[in-house]
Amino acid sequence: MLVSREQIAQNFRNVRSVVGPNVEVAGVVKADAYGHGALEVSRTLVAEGVGWLAVSSVDEGVTLRSAGILGPRILVMGGFLPYEAPALLKWNLTPAVHSLDQMLQVERLARAADQVVPYHLKIDSGMGRLGTRSKAAEILATLGEMRQARIEGLMTHFASAADYGSNQTVEQLAYFHSVCRELRQGGVNAIHLHTSSTNAIGYGRIEGWHTLVRAGHALYGYVSPARGDAPPQLLDVKPALTWKARLMAVKDIPEGALVGYGGTFRAPRPMRIGILGAGYADGIFHRLSNRGKVIADGKLTPILGTISMDLTTIDLSHTTALGPGDEVTLLGREGETSLDAQQIAKVAGTISYNILCSIGARVRRVYGP
C-alpha cells in the first residue's frame with residue numbers, strides 16, 4: 001500500500017485555504033490516521049505547521065508522543081478513564097471532557113500535580129453519544145468548584161452535516177451556541193470553539209467553523225456525498241492511498257468450473273482467473289464476494305466467488321499480460337481507470353471511512369511523494 005505524503009500535505013493546505021487564516025485546522029489522526037499510518041501522517045502535518053492533532057484515545061496520544069511528535073497540541077477526543085488520567089500530564093495530552101464528573105476528575109488531577117491542566121468540554125448538542133447534556137447553570141456551578149483545571153475549549157460534533165434534507169445540524173448549532181452564550185455570560189471565555197469536521201468544512205457551513213475545525217476524512221482525500229439541496233462543495237481533495245496486491249497464480253478454467261468456498265461462482269464459459277494474495281484478513285470486505293471489482297491491466301474486472309481470509313479470485317479473461325508476481329490495484333488508479341473508497345463502499349453496503357479503516361495491519365504501508 002502506497003501512501004502519498006505530498007497528497008496528504010496538499011489536502012491539508014486546501015483545508016486551510018478554504019477556512020482562511022483566522023481558523024486553525026486540527027489534523028485528525030485517530031484510528032491510525034484512518035488506516036494511513038498515524039505516525040507518518042502526523043510527521044507530514046507537523047512539517048506543514050499543524051498546531052493541533054486529534055486522536056480518539058489516550059493510548060493513541062501516547063503512541064504519537066513517545067514516537068517524537070512533541071510540537072503540536074494533541075486533543076484526546078474520546079476522553080479518558082480514571083486510571084488514564086496521570087498519562088494526560090505525563091505525555092502533555094489535552095482531554096475532551098464529557099461530563100461534570102470528568103471536569104472534577106481533571107481538577108483533582110491538576111491539584112495533585114499543582115499545575116494548570118487545560119481541557120475541552122464537549123457538549124452533546126444532539127449526536128447522542130459522548131458529551132454533557134447538563135444545563136449551562138450546572139456547568140457554571142461545577143466550574144465554581146474548580147481552581148487548577150482550565151476550560152480551554154468548547155466543542156460538539158455534528159451527526160448529519162452533509163444532509164441538507166434535515167435540520168439536525170442547524171438545531172445542533174443553535175443548541176451549542178445557546179450553551180456557549182450562557183457560559184460566556186457567566187464569565188467563561190474559552191479560547192477555542194469547534195464543531196466542524198470534514199463535511200461541515202467541505203460544504204461551507206461557515207457558521208460552525210468558529211476558531212478551530214477538525215479535518216479528518218478530508219486529509220485522506222474524501223468528503224461524504226451530500227444529500228438534499230446542498231451547496232457546491234468548497235473543498236478539493238484527492239485520495240492519498242493506493243492499495244495493490246500481487247497475483248499468486250494465474251490459470252485457465254473450463255466452462256462450468258466452480259470457484260471458491262461454497263462454489264458460489266460457476267464459470268459461464270472458459271475463463272482465465274487470477275488468485276490475489278489478499279483477502280478479508282487484509283481488509284477486502286467479504287461482502288464484495290461476487291460483487292466487487294479490482295483494476296487489472298488498466299481495466300475494472302470482477303471478483304469471482306467467495307473472498308477467503310488470505311486470497312481473492314478475479315477474472316483475468318480480458319488480458320494475457322499479467323502473471324504471478326504482478327500487481328493488481330484494489331484501491332487507486334491505473335491510467336484512466338480509478339476505484340476509490342466511496343465506490344467500494346457503495347458496493348459493500350458501508351461507508352468510505354469503514355473501507356479505509358479496515359485495511360489490515362499486515363498490509364505494509366509504504367510512504368512516498
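A salt bridge is taken here as a side-chain nitrogen of Lys or Arg within 4 Å of a carboxyl oxygen of Asp or Glu. The model is predicted, so local features need pLDDT of at least 70, side-chain atom pairs count only at pLDDT 80 or more, and totals for chains, interfaces and linings use all residues. Residues are numbered from 1 along each chain as its sequence is written, and side-chain values use heavy atoms, with hydrogens and water left out.

**Exercise 1.** Describe the contact between arginine 111 and glutamate 107.

Solution. The two side chains meet in a salt bridge, with 2.6 Å from N to O. Glutamate 107 is buried at 3% relative accessible area, whereas arginine 111 is partly exposed at 46%; buried means under 20%, exposed over 50%, and partly exposed in between (1.4 Å probe, protein chains only).

**Exercise 2.** Locate the partners aspartate 163 and arginine 227 in the chain.

Solution. Their closest N and O atoms are 3.6 Å apart, forming a salt bridge. Aspartate 163 sits in the loop between strand 7 (149-155) and helix 8 (168-185), and arginine 227, 64 residues away, in the loop between strand 9 (212-215) and strand 10 (241-253). Aspartate 163 is buried at 15%, while arginine 227 is partly exposed at 48%.

**Exercise 3.** How many salt bridges does the rule give?

Solution. The count comes to 14.

Technical notes:
Helix = DSSP H or I, 4+ residues; strand = E, 2+ residues; numbered from the N terminus.
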